[in-house]
Amino acid sequence: MLVTPDIPDISKVDLKKTYDAVVVGSGAAGGMAAFVLCSHGMKVLMLEAGRRIDTTKELKSTEWPYEHPRRGDMPPDRHALTLNEYTVRKPPYAAGIKASHVHNYVQTWSGSDYSKNLFVDEKEHPYTGTNYAWVRSRVLGGKTNVWGRLALRLSDYDFKAASRDGYGENWPIEYSDIEPYYDKVDLLLGISGVKENLEYLPDSLFQRPVRFNEAEVHLRGSLQKMGRLITPYRAGVTTDGVKHNTKYRMRCFSRGACNRRAGGCDIHAAFDSPTGLIYPAFDTGNLTIRTNATVREVLLDQNTGKARGIAFIDTVTGRDYEVKAKVVVLAASTLESARIMLLSKSSTHPNGIGNSSGHVGHNFCEHVMGPGVNGIYKKKVGTARTLDDGRPGGFYLPRFRNLKDRHPKFIRGYGFEGGSGMTMFPDDATSMTGFGKAYKKKVREHAGAFISMGAFGEVLSRYENHVELDPQMKDRWGVPVLRFNYKFSDNEKKMCEDMAETAQEMFEAAGIEIVSVNRQILTEGWSIHEMGTARMGNDPKKSVLNQFQQSHDVGNLFVVDGSSHVSSANQNPTWTIMALCWRSCDYLADRFRKGEL
Amino acid sequence: MSHKHSDKDEPARIDRREMVKMTAGALIAGPQLNRKKNEPVPHKFFTNEEFVLLDELSEIIIPTDDQSKGARAAKCASYIDKTLAESPHPEDKQKWREGLSLIESISKEMFGRQFMKATAQERISLLERISAQEANPVKPEEKFFSMLKSSIAHAYYTSRIGLLDELEYKGNTYLREFAGEEISK
């Protein structure tokens with residue numbers, strides 16, 4: 001039986017004492033920082049801007065659509081931004097929209113009623129500048145409550161990419177530095193997959209893998225002839241269970257709810273930060289959690305030059321608070337951590353704390369998405385129904401570009417996420433033409449025969465892609481908002497052309513009947529994989545943090561989220577965020593114990 | 001009829017008692033134990049005439065056949081009616097009103113009488129006319145057909161009849177193992 005810990009009310013949080021560390025944020029990075037530091041015996045205060053929502057009750061993963069009054073849709077007075085709105089309009093996107101709440105595009109998916117409390121209201125959280133679909137979750141656990149679960153490792157093809165093609169900067173670490181920490185994350189949280197022995201996509205310590213259906217087995221066989229492969233979705237999901245955490249999490253029971261909701265797992269087989277990291281950290285007795293704490297500044301001790309704590313606003317009452325800590329750990333997400341650093345101005349840090357390099361907010365990168373292919377596996381049409389979607393994901397097709405050969409038109413690479421088989425709602429029901437018995441039969445016979453995949457490509461880390469504080473606009477709490485200066489470059493556009501071509505070519509080679517080839521690049525931000533705004537490096541002039549995510553300028557300031565990543569690679573970042581954070585927090589705790597921070 | 005499948009393809013499901021023992025707590029309120037009969041909702045937005053017309057259109061688009069019952073039995077018109085009654089968007093309501101009245105005027109033009117008084121074959125021929133440009137609708141009645149069909153399809157395939165009887169959807173259940181095939185290396 002799953003339980004949730006009895007976390008004291010925020011009125012009980014002691015804001016007078018000096019904590020060993022204050023951690024800002026509670027997602028993959030904040031949760032991991034709290035878990036590791038508390039395990040080392042440090043007294044930690046976690047600040048989360050949102051409230052705590054019990055997703056065990058909120059998500060209702062197994063509710064049938066017809067059991068919900070609106071078939072899973074949000075109340076009609078709420079609005080979710082569409083691709084068209086993100087493209088045609090400019091931020092702030094909620095301006096002029098009459099709806100009671102305005103949400104990001106994820107809320108246009110089916111089952112949006114279950115995730116409506118997990119995402120911010122764009123009306124309260126505006127931003128300005130160039131087009132960007134910025135998906136934010138201000139709630140305990142952040143976006144890990146609904147993440148896509150694809151858990152991949154980076155390799156030296158990524159960490160040393162600059163040495164390979166001459167573009168950008170190498171990471172200040174190599175694979176052997178982070179490998180033991182990837183292992184620790186695998187064992188602590190559980191990950192599902194199949195060993196493939198790929199140098200450029202290292203294997204994890206996998207639990208029971210998801211299985212392929214017939215179309216996917218067929219595609220795998222066909223791709224092998226091209227020297228490419230699809231592997232079962234490497235899901236950050238415990239499929240065998242994690243023995244050390246049966247209190248808060250269960251193993252996956254293949255209920256198949258993963259892909260018919262905005263995401264989220266109410267039995268917590270899929271990793272989420274609260275049940276995987278925060279509650280276990282709380283059980284050490286060393287963690288204090290202050291929700292509804294909107295952080296606006298890292299406070300500096302002008303005498304020592306060190307961070308002395310955090311200034312925050314109570315999200316509900318608007319009251320100002322300060323809290324003292326010996327170490328400050330920012331884990332508010334790539335863009336929010338950068339925002340907090342830029343907001344933390346002082347006479348010694350006129351451009352924001354830890355920003356002597358001028359790189360905070362810059363080198364902003366992510367993954368470019370959009371191109372892909374949909375097709376029909378004809379052998380499946382009209383055959384007996386099978387159960388195909390009881391799994392946390394379909395397949396992953398790892399990068400094949402710029403490994404040995406050099407592509408003439410672009411550098412770096414991309415991978416595809418895809419899947420096939422019967423889903424709860426037949427996608428062809430709205431695309432099949434006609435009506436009547438013939439239409440009904442066509443939908444029935446084709447449901448389950450579709451196969452599709454879409455690419456995620458590396459967006460080059462470029463200095464000019466950056467966020468800064470907007471000089472005028474403020475959010476509901478009076479905090480200056482971010483202004484985006486972010487565009488895809490020619491490299492991404494060329495890469496996207498190649499994605500569509502190779503996707504089509506691979507399906508054709510497998511004899512899959514092509515229904516459509518997507519060539520459109522989705523609005524910047526669509527991948528929800530933002531990175532790079534406080535990058536690591538050995539040179540303090542060109543980077544914000546050292547290899548332990550420690551500020552070059554302020555020794556007791558750490559930034560442990562995706563902002564530290566030197567390049568985006570093309571792999572989904574969550575597992576790397578957690579492995580890096582664990583490594584840095586081991587270092588932090590060691591230095592703290594020795595009195596060196 | 002529905003739910004026909006061979007036993008050999010059946011993945012190992014976990015029986016309900018075992019599941020409750022394993023999961024307890026919040027999960028007891030899972031789908032198997034919480035399935036309520038949705039009572040039909042009397043229409044709130046459409047007039048009687050509009051509702052009867054929409055109900056008929058829905059059944060023509062997704063009719064009862066040998067596999068399963070159609071959109072009428074799945075109460076698709078009621079679902080659309082309820083959605084519109086709750087909608088804060090007057091322009092959406094307007095589109096439906098205008099669309100249904102367009103059907104009536106086309107019916108009068110084609111057959112000299114109301115849609116519900118036309119023969120079954122005439123009704124189908126009207127829908128054939130307004131769906132001819134389905135891939136690229138231009139005229140108001142063609143655009144209305146797109147909206148009508150996608151709304152009916154959404155309502156039908158999220159209904160119990162559409163999901164379980166028509167599509168024989170087999171997921172949303174607790175399994176011991178993932179269904180599917182081992183990959184060959």
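A salt bridge here is a side-chain nitrogen of Lys or Arg within 4 Å of a carboxyl oxygen of Asp or Glu. With that rule, R296(A) and D320(A) form one, their closest N and O atoms being 3.4 Å apart. Keep in mind that this is a predicted model, where local features need pLDDT of at least 70, side-chain atom pairs count only at pLDDT 80 or more, and totals for chains, interfaces and linings use all residues. As for bookkeeping, residues are numbered from 1 along each chain as its sequence is written, chains are lettered from A and ligands numbered from 1 in the order in which they are written, and side-chain values use heavy atoms, with hydrogens and water left out.

**Chain B on its own**

- Chain B has 7 helices and 0 strands, where helices (H or I, at least four residues) and strands (E, at least two) are DSSP runs numbered from the N terminus.
- Read from the N terminus, its elements go α-α-α-α-α-α-α.
- Of the 185 residues in chain B, 46% are buried; buried means under 20% relative accessible area, exposed over 50%, and partly exposed in between (1.4 Å probe, protein chains only).
- Take the contacts (heavy atoms within 4.5 Å) in chain B between residues at least 6 apart in sequence: 64% of them join residues at least 24 apart.
- Chain B exposes about 9600 Å², with carbon and sulfur atoms supplying 52% of that; accessible areas come from the Shrake-Rupley method with a 1.4 Å probe, and for residues only the protein chains shown count as cover.

**Where chains A and B meet**

- The contact draws on 63 residues from chain A and 68 residues from chain B.
- Together the two chains bury about 5700 Å², 60% of it on carbon and sulfur atoms; buried area is the accessible area (1.4 Å probe) that two parts lose on being put together, summed over both.
- Between chain A and chain B there are 7 salt bridges, including K440(A) with D65(B) at 2.9 Å, N to O.
- The two chains also have 26 residue pairs in polar contact, both residues at pLDDT 80 or more. A polar contact is a pair of N or O atoms within 3.5 Å; within protein, one must be able to donate a hydrogen and the other to accept it, and residues adjacent in sequence count only if both atoms are side-chain atoms.
- On the side of chain A that touches chain B, α8 (214-224), α11 (428-431) and α12 (436-446) each supply at least two residues, and α12(A) gives the most, with 6 residues.

**Salt bridges up close**

- Over all chains, the whole structure has 50 salt bridges.
- The R296(A)–D320(A) pair links distant parts of the chain, 24 residues apart: R296(A) lies in strand β8 (residues 293-301) and D320(A) in strand β10 (residues 320-330).
- R296(A) is partly exposed, at 33% relative accessibility.
- K441(A) pairs with E445(A), closest N and O atoms 3.3 Å apart; they sit 4 residues apart in helix α12 of chain A, so about one helical turn separates them.
- Both ends of that pair are partly exposed, K441(A) with a relative accessible area of 42% and E445(A) with 29%.
- In chain B, R72(B) and D55(B) meet at 2.9 Å, N to O. R72(B) is in the loop between α2 (48-61) and α3 (76-86), while D55(B) is in helix α2, 17 residues apart.
- R72(B) is partly exposed at 37%, whereas D55(B) is buried at 16%.
- Salt bridges that share partners tie R208(A), R211(A), D240(A), E177(B) and E182(B) into one network.
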